[in-house]
Amino acid sequence: MNNVNESADIWGLENPTPEQALADDNLRAQEHLWESLAVALRDSERSIEEVAARLGIPADLAEDISKGRIDISLSDLREYAYAIDAFVTYRVSSRYTSNLENYRSSLANVPQHWHRSHESSPAETVFNTMVEKLASGR
């Protein structure tokens with residue numbers, strides 16, 4: 001399970017493998033989820049105590065959940081989102097690593113400045129752009 005928790009960026013990899021990029025993007029998505037939930041909690045103007053009461057759990061556990069300190073199930077996430085008046089969506093991209101590798105290999109004849117402008121973007125953004133272009137026939 002180390003690959004899931006280790007970010008390719010953390011290790012300073014210039015050319016992460018598709019699997020490393022996938023692990024990195026999944027980690028970023030998880031971090032983004034918890035950041036978004038923190039914003040939703042703030043926007044709800046509910047205290048941790050109020051959230052805990054809605055969930056029927058102790059306040060310290062509700063705080064641990066709100067900080068992303070413990071892993072929770074999707075059902076728990078749904079209940080937590082309800083408690084903070086938030087709507088959570090899910091998105092899955094199948095065949096991520098094979099599609100990403102095919103896309104990267106297609107960039108072989110693209111000018112180097114184009115590569116550099118996209119290196120800092122998450123691999124998913126590049127992949128989604130490719131899918132949009134293919135879908136539109138461009």
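Read along the sequence, the chain follows the pattern α-α-α-α-α-α-α-α. It holds eight helices and zero strands. Helices (H or I, at least four residues) and strands (E, at least two) are DSSP runs, numbered from the N terminus. The model is predicted: local features need pLDDT of at least 70, side-chain atom pairs count only at pLDDT 80 or more, and totals for chains, interfaces and linings use all residues. Residues are numbered from 1 along each chain as its sequence is written, and side-chain values use heavy atoms, with hydrogens and water left out.

The chain has 138 residues, and buried residues make up 26% of them. Buried means under 20% relative accessible area, exposed means over 50%, and partly exposed lies in between (1.4 Å probe, protein chains only). The chain exposes about 9800 Å². Carbon and sulfur atoms supply 50% of that area. Accessible areas come from the Shrake-Rupley method with a 1.4 Å probe; for residues, only the protein chains shown count as cover. Contacts (heavy atoms within 4.5 Å) were also sorted by separation in sequence. Of those with a separation of 6 or more, 58% join residues 24 or more positions apart.

The largest nonpolar core has 16 residues. Such a core is a set of buried Ala, Val, Leu, Ile, Met, Phe, Trp, Tyr and Cys residues joined through side-chain atoms within 4.5 Å. The residues with the most contacts inside it are Leu37, Leu41, Val51, Leu55, Tyr80, Ile84 and Val88. Helix 2 (18-44), helix 3 (48-55), helix 4 (59-66) and helix 5 (74-83) each supply at least two residues of this core. In soluble globular proteins, nonpolar side chains tend to be buried together. Val51 illustrates the links within the chain. Leaving aside neighbours within four places in sequence, Val51 is in contact with Leu41, Arg46, Tyr80, Ala83 and Ile84.

Helix 2 comes next. It has 27 residues and reaches 38 Å from its first C-alpha to its last. This is close to the 39 Å expected at 1.5 Å a residue; the expected span is 1.5 Å times one less than the number of residues. The buried residues of helix 2 are Pro18, Ala21, Ala23, Asp24, Asp25, Leu27, Trp34, Leu37, Ala40, Leu41 and Ser44. Ser44 counts as buried because its relative accessibility is 18%. Its side chain reaches the backbone oxygen of Leu41 at 2.7 Å. This is a polar contact: a pair of N or O atoms within 3.5 Å, where within protein one must be able to donate a hydrogen and the other to accept it, and residues adjacent in sequence count only if both atoms are side-chain atoms.

Glu45 follows helix 2. It lies in the loop between helix 2 and helix 3. Its phi is positive, about 60 degrees, although Glu45 is not a glycine. At 73% relative accessibility, Glu45 counts as exposed.

Ile48 belongs to helix 3. Its relative accessibility is 17%, so Ile48 counts as buried. Ile48 and Ala59 are 11 residues apart in sequence, and their C-alpha atoms are 6.1 Å apart in space. Beyond its neighbours within four places in sequence, Ile48 is in contact with Leu41, Ala59, Ala62, Glu63 and Ser66.

Ser66 is found in helix 4. It is buried, with a relative accessible area of 8%. The side chain of Ser66 reaches the backbone oxygen of Glu63 at 2.8 Å. Not counting residues up to four places away in sequence, Ser66 touches Trp34, Leu41, Ile48 and Tyr80.

In helix 5, the buried residues are Leu77, Tyr80, Ala81 and Ala83. Seen down the helix axis, these residues fall within an arc of 155 degrees, so they line one face of helix 5. The arc is that of the directions from the axis to the C-beta atoms. These buried residues pack against helix 2, helix 3 and helix 4. The face turned away from the buried side carries the exposed residues Arg78 and Tyr82.

Asp85 has a positive phi of about 60 degrees, although it is not a glycine. Its relative accessibility is 63%, so Asp85 counts as exposed.
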